[in-house]
Amino acid sequence: MKSILVALPGNEILTEKLSTHLKAKIAEVTIRQFPDGETYVRILSDVRDKCVVLVATLHQPDEKLLPLYFLSQTAKSLGAKCTCLVAPYLAYMRQDKVFKPGEGVTSDYFGKLISGFADSLITVDPHLHRRSSLSEVYNIPSKVVHAANAISRWVKENVENPVLVGPDSESEQWVSEVATAAGAPFMVLEKTRHGDRDVEVSVPQVEEFKEHTPVLVDDIISTARTMIETVGHLKNAGMKAPVCIGVHAVFAGSAYQDLINAGAEVVTCNTIPHESNKIDLSSILAARVLATMNHV
Ligand code: R5P
């Protein structure tokens with residue numbers, strides 16, 4: 001099916017790249033606020049009989065939901081066959097259980113909301129911890145793009161004698177994959193989170209890796225406390241200055257600067273636009289969009 005891309009604000013660079021890979025047009029749209037703060041959207045391009053690919057990475061998601069919803073509904077009212085949400089970063093996935101009495105499982109509520117207006121979803125390495133697949137959270141067809149190969153390639157080309165380090169057991173899945181593809185050893189640490197910004201990480205014996213460059217890999221860098229804590233331990237253990245690689249550059253507040261100040265080189269994938277984006281995933285995302293379009 002023919003597709004046309006829509007860039008939600010802040011997603012213009014990735015949308016341009018996708019448009020080049022897919023040889024698909026970018027729709028002309030207006031998205032703005034009315035003086036009273038309500039959202040105005042208008043689609044000026046012809047979307048009839050096409051699949052409208054909404055490109056919207058979902059960090060700081062709350063303000064993005066309504067424009068997305070309005071665009072999806074408007075596209076359908078203008079005759080679009082379907083809408084596909086390309087959200088390289090998917091929010092709320094870490095709220096996957098009731099941690100304290102009185103809380104809700106907001107990842108599920110968020111999943112229901114999105115599934116209520118988009119016909120399909122493509123994302124990059126969603127935080128699947130207590131859930132084994134995205135279909136447990138989203139009831140629309142969804143596809144996951146994995147960043148591991150692109151990260152391995154970057155490590156191979158840019159880091160001499162690396163040892164991959166996963167800051168917690170949740171990271172083992174991608175750290176082991178990245179390490180295997182990069183032909184490097186890896187270790188996984190133990191993390192205990194006491195609060196939003198209070199993280200404790202234990203580092204095992206690192207003697208055998210003293211001549212290696214530690215490469216920390218995690219899916220999300222948010223407050224960066226996990227990375228900073230790990231960097232501190234590795235430094236104390238006498239290891240070389242590490243490279244910290246995150247798939248998703250969430251970086252809350254001063255987290256990015258804090259991590260640099262801790263003595264790390266910071267590299268991320270371009271799932272959230274950020275100055276640390278050095279690993280481009282647009283071609284694998286485009287391939288996924290193409291495969292999805294061929295099935296609708
Ligand atoms: C959690 O399990 C994730 O994989 C990351 O380790 C975590 O989200 C990082 O968060 P922060 O940067 O706030 O320590």
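A residue counts as buried under 20% relative accessible area, as exposed over 50%, and as partly exposed in between, with a 1.4 Å probe and protein chains only. By that definition Asp 125, at 10% relative accessibility, is buried. This is a predicted model, in which local features need pLDDT of at least 70 and side-chain atom pairs count only at pLDDT 80 or more, while totals for chains, interfaces and linings use all residues. Residues are numbered from 1 along each chain as its sequence is written, and side-chain values use heavy atoms, with hydrogens and water left out.

**Overall form**

- The protein chain contains eight helices and 16 strands; helices (H or I, at least four residues) and strands (E, at least two) are DSSP runs numbered from the N terminus.
- Its radius of gyration, taken over C-alpha atoms, is 20 Å, close to the 19 Å given by the globule rule for 296 residues, so the chain is as compact as a globular protein of that length; the rule is 2.2 Å times the number of residues to the power 0.38.
- The C-alpha trace spans about 65 × 45 × 35 Å along its principal axes.
- Of the 296 residues, 51% count as buried.
- Among contacts (heavy atoms within 4.5 Å) with a separation of 6 or more, 64% come from residues 24 or more positions apart.

**Domains and nonpolar cores**

- The chain is divided into domain 1 (3-146 + 281-294) and domain 2 (148-279), with bounds that come from an automatic or database domain assignment.
- The C-alpha centres of domain 1 and domain 2 lie 28 Å apart, and the contact takes 16 residues from domain 1 and 16 residues from domain 2.
- A nonpolar core is a set of buried Ala, Val, Leu, Ile, Met, Phe, Trp, Tyr and Cys residues joined through side-chain atoms within 4.5 Å.
- In the largest such core, of 41 residues, Ile 151, Ile 245 and Ile 279 touch the most other members; both domains give residues to this core, so it lies between them.
- Leaving aside residues up to four places away in sequence, Ile 151 touches Val 178, Val 217, Ile 245, Val 247, Cys 269 and Ile 279.
- A second, separate core has 35 residues, including Ala 91, Phe 117, Tyr 138 and Ile 140.

- Six strands form an open sheet with parallel pairing, in the order 2-1-5-6-7-8; two strands pair if DSSP finds at least two bridges between them.
- Strand 2 (25-26) and strand 8 (142-145) stand at the edges with a single partner strand each, so one side of each has no neighbour in the sheet.
- Strand 6 (residues 82-86) and strand 7 (residues 120-124) run parallel and are joined by three bridges; the bridge partner of Val 86 in strand 7 is Ile 122.

**Positive phi and local detail**

- Most residues other than glycine have a negative phi.
- Asp 125, although not a glycine, has a positive phi of about 25 degrees, and its place is in the loop between strand 7 and strand 8.
- Asn 161, also not a glycine, has a positive phi of about 50 degrees; Asn 161 is in the loop between helix 4 (148-158) and strand 9 (162-166), and at 39% relative accessibility it counts as partly exposed.
- Tyr 109 belongs to helix 3 (residues 106-115), and a polar atom of its side chain lies 3.3 Å from the backbone nitrogen of Val 105.

How values were computed:
Polar contact = N/O pair within 3.5 Å; in protein donor to acceptor, adjacent residues only side chain to side chain.
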